[in-house]
Amino acid sequence: MSIDHVFVAGAGLMGHGIAQVHAAIGKRVTLYEPDLTRAEAGRARIAANLERAVAKGRITQAEREATLARVTATDELSSARAADLVIEAVFEDELVKTALWRSLDAIAPAAAIFASNTSSISIDRLAAATSEARRPQFLGMHFFSPVPVMPLIELIRGAATGEVAEAAIRALADELGKQVIVSADRPGFLVNRVLMPLLAEAMRAYEEGTGTADDIDTGARVGLNHPMGPLELADFIGLDVCLGVMRVLHEGLGGAQFEPPRVLVELVDAGHLGQKTGRGFHTYPR
Ligand SMILES: NC(=O)c1ccc[n+]([C@@H]2O[C@H](COP(=O)([O-])OP(=O)(O)OC[C@H]3O[C@@H](n4cnc5c(N)ncnc54)[C@H](O)[C@@H]3O)[C@@H](O)[C@H]2O)c1
């Protein structure tokens, strides 16, 4: 099936990036938030990203304008009536997501594909909010931040996900220039399951005073050739997001390696969520 119109729910960090990359390859994109100001703020973020791309010579001014013209900000869920693909990137909260999917199921065309960008919530539990007829078209489409830069999509296959939907998302990923890996619907899927124990262990070493945050990060960057150290990466992802994903992994799989470190819980409780609040394991701007 061809995907021409993409409806993106949630215009935050991930949603605006997801909207941008689809508009950039010629898709018509509707960017939805229940509050129009937030939807428009997401579109303004896209405009700013594209302006930077023009300044760096990556795209022309004409391409910037054409891409932006394909993005419509809205607070009307009924715009999903025209969607071939709905991508949901709203708060990582199962109740918020299921309520939204239930409403979208009643609005979007029967053939529309439903994709959640959840980092950790079970795809089958989200799909259960939709009708049985929809479930073969329901899957996880897990992008990585920043979306315009990171060339991976983790495709999560639920128990009911069908071949047609999977093939359509693979074809779309090709158009986006992103590589696909497939994960079963298990806690943390593949990438976060591998990543989180590393971040947690770095946090435990920091907590025990084994080394400074800078030395732990330098160790991974210089000694392991990682592009970012584990503590700066955790700050970049968001410490609240890391804590949420570790909890899902720990509850779902057990294993001491997934247990959220005390220092992480304390930082989140204190409102220090990493780069976005100016303080986490490091302070920002650095
Ligand atoms: N931050 C990351 O690095 C990352 C990476 C991959 C996946 N994710 C996942 O992407 C999703 C979004 O994360 P984010 O980092 O963009 O969060 P964010 O807080 O930046 O954005 C979430 C947006 O959803 C909006 N929203 C809330 N309820 C809504 C509703 N009912 N309808 C429409 N919009 C609604 C909020 O107003 C907010 O703008 C989460 O499921 C998260 O787990 C995040």
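So, helices here are DSSP runs of H or I with at least four residues, strands are E runs of at least two, and both are numbered from the N terminus. One more thing before we start: this is a predicted model, where local features need pLDDT of at least 70, side-chain atom pairs count only at pLDDT 80 or more, and totals for chains, interfaces and linings use all residues. Residue numbers start from 1 along each chain as its sequence is written.

Okay, the ligand. Which helix gives the most to the shell around it? That's α1, with 3 residues. The shell has 26 residues, and Gly10, Gly12, Met14, Ser119 and Ser145 come nearest; "around" means that a residue's C-beta atom, placed from the backbone, lies within 6 Å of the molecule. Two or more residues come from each of α1 (13–24), α4 (94–107) and β6 (138–143). By type, the shell splits into 14 nonpolar, 9 polar and 3 charged. For those classes, Ala, Val, Leu, Ile, Met, Phe, Trp, Tyr, Cys and Pro count as nonpolar, Asp, Glu, Lys and Arg as charged, and the others, Gly among them, as polar. Domain 1 (5–184) and domain 2 (192–277) each supply at least three shell residues, with bounds from an automatic or database domain assignment.

Now the sheet. Pairing means DSSP finds at least two bridges between two strands. Let's zoom in on one pair: β4 (85–88) and β5 (113–116) run parallel over 4 bridges, and leucine 85 sits opposite isoleucine 113 in β5.

Last up, two helix contacts. The axes of α9 (230–237) and α10 (239–253) come within 5 Å and cross at roughly 100 degrees. An axis is a line fitted to C-alpha atoms, for helices over the stretch in contact, and angles run from 0 to 180 degrees between N-to-C directions. Ala234, Asp235 and Ile237 in α9 meet Leu239, Val241 and Cys242 in α10, where contact means C-beta atoms, placed from the backbone, within 7 Å. That contact has 5 nonpolar residues, no polar ones and 1 charged.

And the other contact? The axes of α7 (191–207) and α11 (262–269) come within 8 Å, crossing at roughly 90 degrees. Here Met203, Tyr206 and Glu207 in α7 meet Arg262, Val263 and Leu264 in α11, giving 4 nonpolar, no polar and 2 charged.

Definitions and conventions:
Two residues are in contact if their C-beta atoms, placed from the backbone, lie within 7 Å.
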